Amino acid sequence: MLGQRIVHISEGRRAVDAGPWRERFSTLVDLSRDAFVEIDGRGIVTEWNRQAEILFGWWRDEVMGRPVGAFLVPERFVVALAGELGDALSTTGVERTAPRQLRLLHRDGHELRVASTAYRVGSGTDLRIGGFLQEMGEDDSAEEALAHAYLHDSLTGLPNRTLFTYRLSYALAARRAEPGSVAVLVLDLDRFKAVNDALGHEVGDELLVAVAGRLVAAGETGLDGCPPGVVARLGGDEFLVLFEGEDAEKQAMGFSERVAEALSSPTILAGSEIFVAASMGIASTASTAAGITEPTTLISNADAAMYQAKRRGGTQVEVFGEALRVHVLDRMHTEHALHRALDRGELVLAYQPVVSLADGTVASSEVLLRWDHPDQGVVGPDRFVSVAEESGLIIPIGSWVLDEACSQVRRWASQGWTGPGASVEVNLSARQIDHPEIVDMVERVLRRTAISPERLVLEITESALMDDARWALRVLRSLKDLGVTLAIDDFGTGYSSLGYLQRFPLDVLKIDKSFVSGLGTGPGGSEIVGAVVGLAHALGLEVVAEGVETEGQLAELHRLGCDFAQGYLFSRPVRADE
């Protein structure tokens, strides 16, 4: 009941730290048979009773005004305490916690196992956290091992996201009372999936352990003697690094340079030299106009900067600033609007005919997605497909596109159009290829719409095939078993590997419009397209030229033996009824 009484008194007078009321408060807690310790939001001791003196060996005058983490909390638990303080600072009102077990230090250095019932009053500068403590019995190593496993990554031994967030919470809270800034660096390895694909997941895990070691080593010689506070593994091939001090962003930039240099040396695994690079994003409390108090916000900003570095080709560092903040907000608004667009029927399909160069007839129609935005009018896919990819919305949107396109083939048949041209070509993104239910989804749509699989062409980009080649090969073989036609889209803009043209069960190769536009306009244009056409025919593939806009390009494609073409010369993308 004493603890409850103190909470009641403190609630009404928590802003008062001196005078007769505080003296009566100290007298009350001195009467307790339990040790009592109170700290503020910075971890500074504000109360220490006589039983605390007996239990821990420190006199009250020696500890008042000192950080509790400097003498009472074992070093390995300081981060967890910091996280709890950060959480407490953002919470208002009064809260009394359930009893819990703690490990604290006696003055002579040995650890004490204690049970604590604590209360929290106020928030911000008025925050007070008090605890009634009782010594417990023998040590429990299993409990300690469990706590360590909860806060650390099992593969690398680095702190995990939970522990990193605790430490970041404390760093942000400390900046409210002390000068300086906090920065977070997010690091993601470039093309790590290719290592797993080529050498297996065991080698991939060994590589992650090696990279973790290099990150820790890069932090041991921090800029101006200020190493990062925490190097953590977020999961997969993504790492987090925390910096705090006078110029945390400058520290993070210096660290990124050392990491780039460290990763430039190969790692020897499974008898192979493995070169890896990384995309990095940095966000700091000093890089945005509004103050950042939530750890999730700073991590999210750094993550957005890292993805911006990825979009710009990878192997570089991007710093989160005002321009990127606006960009992120715009993408967030687009994502929210896309959710509504799918439900409200704002997404529509356009069809661009693919023409046979042998007789000029329509062979099929490529399906192109459009957004009939209520405020912005018709919006092209370049404005929203990347957002759909990153958010995962491409899965339900892609499913709708396939279902609607196949349903249109069915409607054409009911209207009497059943010739070869009544076929559709639908793009599958890398995210869709990676989805475990992609084959089942295609099969369900074919069954529901009852169209012949020969009426459906699925287009896959080169990058979608190369992200995880072994998985892509299994998916394409399963799709091929359904009887659909498979095309490689935008050939020439990605890896252009002759090996996968032989390995994958492809039927059609589509030459990117950037090569078609060069026909007859400069040296080598026709030779490149001619070489691709010859290669495709040698492998038994039909060839479609994209982006044909002039009679001259069409004549050159005829001469080079191209099979099909599409572009504005024949028709712009139009609605189905056109």
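The accessible surface of this protein chain comes to about 27200 Å², and 51% of that belongs to carbon and sulfur atoms. Those areas come from the Shrake-Rupley method with a 1.4 Å probe, and for residues, only the protein chains shown count as cover.

Before I go on, this is a predicted model: local features need pLDDT of at least 70, side-chain atom pairs count only at pLDDT 80 or more, and totals for chains, interfaces and linings use all residues. Residues are numbered from 1 along each chain as its sequence is written, and side-chain values use heavy atoms, with hydrogens and water left out.

So, the overall picture. The chain has 578 residues, and 47% of them count as buried. Buried here is under 20% relative accessible area, exposed is over 50%, and partly exposed is in between, with a 1.4 Å probe and protein chains only. You'll find 22 helices and 22 strands. Both are DSSP runs numbered from the N terminus: helices are H or I with at least four residues, strands are E with at least two. Now contacts, meaning heavy atoms within 4.5 Å. Take those between residues at least 6 apart in sequence, and 64% of them join residues at least 24 apart.

Let's zoom in on helix 10, residues 248-263. How far apart should its ends be? The expected span is 1.5 Å times one less than the number of residues. For the 16 residues of helix 10 that gives 22 Å, and the end C-alpha atoms are 22 Å apart, so the two agree. Its buried residues include Ala248, Phe255, Val259 and Leu263. And what covers them? Among the elements doing that are strand 7 (181-189), helix 9 (201-220) and strand 9 (238-245).

Is Arg233 buried or exposed? Buried, with a relative accessible area of 11%. Its side chain makes a polar contact with the side chain of Asp153, at 3.1 Å. A polar contact is a pair of N or O atoms within 3.5 Å; within protein, one must be able to donate a hydrogen and the other to accept it, and residues adjacent in sequence count only if both atoms are side-chain atoms. Leaving out residues up to four places away in sequence, Arg233 also touches Leu155, Pro159, Leu208 and Phe239, among others.

On to salt bridges: a side-chain nitrogen of Lys or Arg within 4 Å of a carboxyl oxygen of Asp or Glu. By that rule we get 17.

One is Glu47 with Arg60, 3.1 Å from N to O. Glu47 sits in strand 2 (45-48) and Arg60 in helix 4 (60-63), so the pair ties together parts 13 residues apart in sequence. Glu47 is buried, at 1% relative accessible area, while Arg60 is partly exposed, at 27%.

Then there's Arg448 with Asp403, where the closest N and O atoms are 2.8 Å apart. This pair links distant parts of the chain, helix 16 (438-449) and helix 14 (394-414), 45 residues apart. Arg448 counts as exposed at 51%, and Asp403 as partly exposed at 23%.

Finally, Glu425 and Lys510 meet at 3.0 Å, N to O. Glu425 is in strand 17 (424-428) and Lys510 in strand 20 (508-511), so this bridge ties together parts 85 residues apart in sequence. Both Glu425 and Lys510 are buried.
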